[in-house]
Amino acid sequence: MASVPLGASGTVTYSSRGLTVRFDACACCRVQIVISGLRPDDLEITALPETAQAVTGG
């Protein structure tokens with residue numbers, strides 16, 4: 001079990017086993033959380049990186 005701070009950022013990747021979220025390492029302790037095997041309904045993306053918004057026109 002892990003707690004992820006509000007506003008944490010990370011990378012979402014897709015494989016045949018589902019989505020994997022790899023959160024950026026904590027600045028103070030360098031611990032990194034990776035959650036795998038998620039279904040798309042299990043994840044709510046609240047913000048996209050600036051580069052993704054520029055590509056999609058958002």
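**Cysteines, sheet and pockets of the predicted model**

Cys 29 has a relative accessibility of 44% and therefore counts as partly exposed. The structure described here is a predicted model. Cys 26 falls into the partly exposed class as well, because its relative accessibility is 28%, and the class runs between the limits of 20% for buried and 50% for exposed.

The cysteines were examined for disulfides. A disulfide is a covalent bond between the sulfur atoms of two cysteines. The cut-off for such a pair is a sulfur separation within 2.5 Å. For Cys 26 the closest cysteine sulfur belongs to Cys 28 and lies 3.2 Å away, which is too far for a bond. Cys 29 takes part in no disulfide either, with the nearest cysteine sulfur, that of Cys 26, at 3.6 Å. The disulfide count under this rule is zero.

The strands were considered next. Strands of a sheet pair through backbone hydrogen bonds, either parallel or antiparallel. In this model, three strands form an open sheet in the order β1-β2-β3, and the pairing is antiparallel. The edges are taken by β1 (10-15) and β3 (34-38); each has a single partner strand, so one side of each lacks a neighbour in the sheet. With direction ignored, neighbouring strands of the sheet are turned by 15° against each other on average. Strand β2 covers residues 18-23 and is joined to β1 by six bridges, the two running antiparallel. Within this arrangement, Gly 10 is placed opposite Phe 23 of β2.

Rolling a probe the size of a water molecule over the atoms shows where empty space is left. The largest pocket has a volume of about 470 Å³. Its lining comprises 18 residues, and those closest to the pocket centre are Ala 8, Gly 10, Phe 23, Glu 44 and Thr 46. Both β1 and β2 contribute at least two residues each to this lining, and β1 gives the most, with three residues. By residue class, the lining of the largest pocket consists of 12 nonpolar, five polar and one charged.

The second largest pocket holds about 190 Å³ of space. Among the residues that line the second largest pocket are Ser 3, Val 4, Pro 5, Asp 24, Ala 25, Val 31, Gln 32 and Ile 33. Cys 26, the partly exposed cysteine described above, also belongs to this lining. Ala 8 and Phe 23, listed for the largest pocket, line the second largest pocket too. The lining of the second largest pocket divides into eight nonpolar residues, three polar and one charged.

Notes: Residues numbered from 1 in each chain as written. Predicted model: local features only at pLDDT ≥ 70, side-chain atom pairs only at ≥ 80, totals over all residues. Heavy atoms only, no water. Buried < 20%, exposed > 50% of the residue type's maximum accessible area, 1.4 Å probe, protein only. Pairing = 2+ DSSP bridges. Helix = DSSP H or I, 4+ residues; strand = E, 2+ residues; numbered from the N terminus. Axes fitted to C-alpha atoms, helices over the stretch in contact; angles between N-to-C directions. 1 Å grid on protein atoms, 1.4 Å probe; cavity = no way out; pocket = protein on both sides within 12 Å on 5 of 7 lines; lining within 4 Å. Points joined across faces, edges and corners; volume = space filled by probe spheres on them. Nonpolar A, V, L, I, M, F, W, Y, C, P; charged D, E, K, R; others polar.
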